[in-house]
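Please view the sequence and the structure below before reading on.

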Amino acid sequence: MDKPTSDKLGIVIPAFRAHSQTFVMVLDGISEEDAKKRIDGKTNHIIWMVGNFVNMRYSLGWVLGLKEEDPFSKLFFQGKALDENFNYPTLEQLKDSFHKISPLVYQKLLQVTDEDLDKAFPMGMDVDFFKEDVLNFIGMCIGREDYLAGQLGLMRKILGYEGMKYNFDKDLKY
């Protein structure tokens, strides 16, 4: 396992890599047609969930100093609500974007210092138990990815797909 510069990220690095694996596995076999389906008009569709997941990766990169722009940010930034009037990207486009940004973010996570992690990062939460700094923002992004992966797993089952298989790709290094 790669060792981060900051020991504070000892739990984040394996979580990030596990989420990369989960992203690939949970989407395995999902058709473009099914990725646009909503359940009873109440749920987000898979495209929205995947777009938000990818946007989390770009947000992580941004806070770590990457200047990569999410090409679909206007649709997904800060969990923007699904709007059926929007023309969303394809699942394939989102996967390509994920695989573009994720290795770059992973390298930044390995390089970030304790000093960088301790920098203030206002999020507007204004709660006394949550320090608004870079480290906690990273933690929130990881938590959001967990949430989205769970939703994607549930959507697989609702749409009639088998449950996610845990076929880890040992060549996926981010």
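**Salt bridges in the predicted model**

Glu84 counts as exposed because its relative accessibility is 60%, above the 50% cut-off. The model in which this value was computed is a predicted one. Side chains of opposite charge can pair when their charged atoms come close. The number of salt bridges comes to 10, and three of them are described here, beginning with the one that involves Glu84.

- Glu84 forms a salt bridge with Arg38, and their closest N and O atoms lie 2.4 Å apart.
- Arg38 is partly exposed, because its relative accessible area is 25%, which falls between the limits of 20% and 50%.

**A pair with a buried partner**

- Asp34 forms a salt bridge with Lys37, the closest N and O atoms being separated by 2.7 Å.
- Asp34 has a relative accessibility of 12% and therefore counts as buried, the cut-off being under 20%.
- Lys37 has a relative accessible area of 34%, so this residue is partly exposed.

- Lys3 and Asp7 form a salt bridge in which the closest N and O atoms are 2.8 Å apart.
- Both Asp7 and Lys3 are exposed.

Definitions and conventions. Residues are numbered from 1 along each chain as its sequence is written. This is a predicted model: local features need pLDDT of at least 70, side-chain atom pairs count only at pLDDT 80 or more; totals for chains, interfaces and linings use all residues. Side-chain values use heavy atoms; hydrogens and water are left out. A salt bridge is a side-chain nitrogen of Lys or Arg within 4 Å of a carboxyl oxygen of Asp or Glu. Buried means under 20% relative accessible area, exposed over 50%, partly exposed in between (1.4 Å probe, protein chains only).
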